[in-house]
Amino acid sequence: MIKSEFMTRCIQLAQNGLGTSYPNPMVGSVIVHNNKIIGEGWHYKAGQAHAEVNAITNVANKSLLTTSTIYVSLEPCSHFGKTPPCSDLIINSGIKRVVIGTIDPFAAVAGRGVKKLMDAGCEVIVGVLEQECQELNKRFFTFHNNKRPYIFLKWAQSADGFLSPEVTKGQKRTPVWITNSFSKQFVHKQRAHEQAILVGTNTVVNDNPSLNTRLWKGTHVLRVVLDLNLRVPTNSTVFDYKQPTLVITTKKDHPQNTKNLSFEWMDSTKNIASQICDILYKKEIQSLIIEGGSQTLQTFIDANLWDEATVYTGNTVLFKKGTKAPSIKGSNKTSTIKNDFVTHYTNFKL
């Protein structure tokens with residue numbers, strides 16, 4: 001008897017790999033004998049053991065494997081990458097029943113794992129909590145199916161709808177904080193889970209942001225600066241070489257690439273948002289946070305190239321004039337973080 005609760009456990013385990021498994025998907029696996037879990041595992045990092053390997057390794061009594069069922073949230077791999085094929089390990093371990101959440105969209109797998117298992121005489125069941133398993137790896141599926149990163153939009157706005165107050169002459173280059181410290185920490189947590197963060201020229205010129213994850217433990221993301229005319233001052237923090245930084249420009253005479261600082265050219269006469277997606281797809285970036293400014297965010301909204309958006313509203317802050325927040329519509333829900341309102345929009349479809 002197939003029980004969805006065991007696939008739910010696979011999904012729970014897989015989520016431990018958020019932010020560490022790139023470019024691989026998040027995968028969880030459990031091994032069940034007589035309706036009891038006797039082994040479980042998840043994939044932590046590319047080049048390290050896959051979920052199925054860890055689950056089988058964690059079974060104390062290997063003699064039970066021949067009468068056990070293995071559940072896995074994503075189709076077991078069938079090719080040699082940095083590690084051997086998991087489908088071979090399942091076959092060689094003597095497991096005869098395999099329950100899979102969803103087929104892997106990666107061309108090197110994409111049904112081949114299922115075929116190999118079936119050809120070896122395994123009973124294979126596919127599609128248990130399929131939608132949930134696909135949503136788990138929404139970044140991975142979007143990257144392989146749509147040939148672009150999964151895109152998060154994020155901005156903070158005042159209670160009267162401004163991203164920042166009016167800029168005055170000689171104003172110091174520093175961020176204007178609208179939200180409370182808890183919201184800021186939540187933003188850094190999200191940064192630690194994704195692969196890249198993008199801002200426009202004016203954001204760097206006016207705010208001089210660091211774009212790191214200093215408020216949350218995790219790997220610093222790739223900083224992407226949209227600087228069409230190379231106006232960003234060279235003494236900006238994004239040029240401190242402390243983490244990888246990519247500048248996208250329309251100037252062909254851009255500087256040479258150096259360690260942790262590279263440049264990519266794009267055509268100013270073509271769609272900006274889609275070109276950025278193409279550049280990041282080529283660089284194998286599966287997820288992108290766009291944090292501003294208003295024009296950059298609106299460009300992606302108007303092109304319908306976004307999957308989720310989080311808008312933080314500082315309920316006690318009023319600017320009266322300045323840079324207006326972007327205009328966005330869609331399915332949404334609102335929560336609070338202390339005295340901040342947080343509205344989450346969804347545009348993602350499987």
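This is a predicted model: local features need pLDDT of at least 70, side-chain atom pairs count only at pLDDT 80 or more; totals for chains, interfaces and linings use all residues.
Student: Which residues of helix H9 are buried?

Tutor: An α-helix has 3.6 residues a turn, so residues three or four places apart point the same way. In H9, which covers residues 272-282, the buried residues are Ala-273, Gln-275, Ile-276, Cys-277, Ile-279 and Leu-280.

Student: What caps the N-terminal end of H9?

Tutor: Asn-271 does, with a side-chain oxygen 3.1 Å from the backbone nitrogen of Ala-273. After the helix comes Glu-284, which has a positive phi, near 60°.

Student: How many cavities of 30 Å³ or more are there?

Tutor: Rolling a probe the size of a water molecule over the atoms shows where empty space is left. The count here is one cavity of 30 Å³ or more. About 70 Å³ of space lies in the largest cavity.

Student: Which residues lie nearest the centre of the largest cavity?

Tutor: Its lining has 13 residues, and those nearest the centre are Ser-21, Tyr-22, Met-26, Asn-137 and Arg-139. By type, the lining divides into six nonpolar residues, six polar and one charged.

Student: Where is Asn-137 placed, in terms of helices?

Tutor: Asn-137 sits in the loop between helix H5 (130-136) and helix H6 (138-146). Its relative accessibility is 3%, so Asn-137 counts as buried, the cut-off being under 20%. Leaving aside neighbours within four places in sequence, Asn-137 is in contact with Pro-25 and Met-26.

Student: How many aromatic pairs are there?

Tutor: A pair of aromatic rings is described by the distance of the centres and the angle of the planes. The count comes to five aromatic pairs. For Phe-6 and Tyr-71, the ring centres are 5.3 Å apart and the planes at 55°, so this pair is tilted. Phe-6 belongs to helix H1 (residues 4-14) and Tyr-71 to strand E3 (residues 69-74), so the pair ties together parts 65 residues apart in sequence.

Student: Are Phe-6 and Tyr-71 buried or exposed?

Tutor: Phe-6 is buried at a relative accessible area of 6%, and Tyr-71 is buried at 1%. Phe-143 and Tyr-281 form another tilted aromatic pair, at 4.7 Å centre to centre and 40° between the planes. This pair links distant parts of the chain, with Phe-143 in helix H6 and Tyr-281 in helix H9, 138 residues apart. Phe-143 is buried, its relative accessible area being 7%, whereas Tyr-281 counts as partly exposed at 28% relative accessibility.

Student: Which residues form an aromatic cluster?

Tutor: Tyr-150, Phe-152 and Phe-348 form one.

Note on methods. Residues are numbered from 1 along each chain as its sequence is written. Side-chain values use heavy atoms; hydrogens and water are left out. Buried means under 20% relative accessible area, exposed over 50%, partly exposed in between (1.4 Å probe, protein chains only). Helices (H or I, at least four residues) and strands (E, at least two) are DSSP runs, numbered from the N terminus. A polar contact is a pair of N or O atoms within 3.5 Å; within protein, one must be able to donate a hydrogen and the other to accept it, and residues adjacent in sequence count only if both atoms are side-chain atoms. On a 1 Å grid over the protein atoms alone, a cavity is a set of points where a 1.4 Å probe fits but cannot get out, and a pocket is an open set with protein on both sides within 12 Å along at least five of seven lines; lining residues have an atom within 4 Å of a point. Grid points are joined across faces, edges and corners, and a volume is the space filled by probe spheres set on the points. Ala, Val, Leu, Ile, Met, Phe, Trp, Tyr, Cys and Pro count as nonpolar, Asp, Glu, Lys and Arg as charged, and the others, Gly among them, as polar. Contact means heavy atoms within 4.5 Å. Rings of Phe, Tyr and Trp (its six-membered ring) pair if their centres lie within 6.5 Å; planes under 30 degrees apart count as stacked, over 60 as edge-to-face and the rest as tilted.
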